[in-house]
Structure formats: structure tokens, C-alpha cells
Amino acid sequence: MTQSNTTALTTALNYISDSREGYTKAAETVERTAFKRIFTARAQERANMAARIETTLRARGEEVEQEKGTAMGAMHRSLMSFAALVASDEKAAIETLDDGEERLREKIRDIIENGDLNVTDRTMLMGIEREL
């Protein structure tokens, strides 16, 4: 199923925002300073990716209203909380984030392959995919 250019970019924006929220939550959850720094840096990387998409949409006069998150993101954040609170296991939290990153790559790849994107937007999303 193809998505219009704007819909495809908005979908990508929502997935990337979910990832940012996951990393922010992870940074708040873990105790080790090294992990906090890594997760905070990744959250900032996702914020920068989201900003590129938002800038593109706004330049076209589009309203940028992100959903409160996708179902995948809500489930991912819940799993993060569960892993952190129940297990108090940083390894489990990291594994959960890695799984989330793989799902994010797959979602962005799907948008690239199936979205009705112009060349500029497809190239931008391909660059974001490489950064993940």
C-alpha cells in the first residue's frame, strides 16, 4: 500500500519520535552514567532526524502535528518500563532498545520502498535510515 508523500513523511516522523521517547525514557531509567550519556545522545540524534522531517514538511506549508505516538511506540515504551522496573536489568533495557532500533529501521525501509515519495524525500529518509 503506498502512502502519499506527506503521509509517508509524517509516519516516519512519528516512528522517529517514538524512538526518541524510548531513548529519553532509557536515559532516565538506567543508573550507569555511561549508558545515560549514550541514550541521551541517541535521543538527541532522533530529535535531529525529526527536525529535518519537520522542516521539510513546514517548508511545504504542512501542519506538523505528531501523534502522541504509534501503537508500536507505546508498546515499546511499556516494555522498556517493564524491563527496567521489574528486572532492574540494564542488559534487558539495552536489548529492548536494540529490538526497537531494528523495528525502526524496518519501518523506515518500508516507507522508503512503499511510500509515494519524491526523490528529495526518499534521499532524506535513506540518509536517516543509514544513521540508525
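User: How many residues does helix α5 have, and what should they span?

Analyst: Helices are DSSP runs of H or I, at least four residues, numbered from the N terminus. The expected span is 1.5 Å times one less than the number of residues. Helix α5 (residues 119-131) has 13 residues, so it should span 18 Å; its end C-alpha atoms are 19 Å apart, which agrees. This is a predicted model: local features need pLDDT of at least 70, side-chain atom pairs count only at pLDDT 80 or more, and totals for chains, interfaces and linings use all residues. Residues are numbered from 1 along each chain as its sequence is written, and side-chain values use heavy atoms, without hydrogens and water.

User: Which residues of α5 are buried?

Analyst: Buried means under 20% relative accessible area, with a 1.4 Å probe and protein chains only. In α5 these are Asp121, Met124, Leu125, Gly127, Ile128 and Glu129.

User: Which residues touch the most other members of the largest nonpolar core?

Analyst: Nonpolar side chains tend to be buried together in soluble globular proteins. A nonpolar core joins buried Ala, Val, Leu, Ile, Met, Phe, Trp, Tyr and Cys residues through side-chain atoms within 4.5 Å. The largest has 20 residues; Leu9, Ile16, Ile53, Ile108, Ile111, Leu125 and Ile128 touch the most other members. Two or more residues each come from α1 (5-29), α2 (33-59), α4 (90-114) and α5. Helix α1 gives the largest share, 6 residues.

User: Is Thr56 buried or exposed?

Analyst: Thr56, in helix α2, counts as buried because its relative accessibility is 18%. Contact means heavy atoms within 4.5 Å. Leaving aside neighbours within four places in sequence, Thr56 contacts Leu9, Asp121 and Met124.

Technical notes:
Buried means under 20% relative accessible area, exposed over 50%, partly exposed in between (1.4 Å probe, protein chains only).
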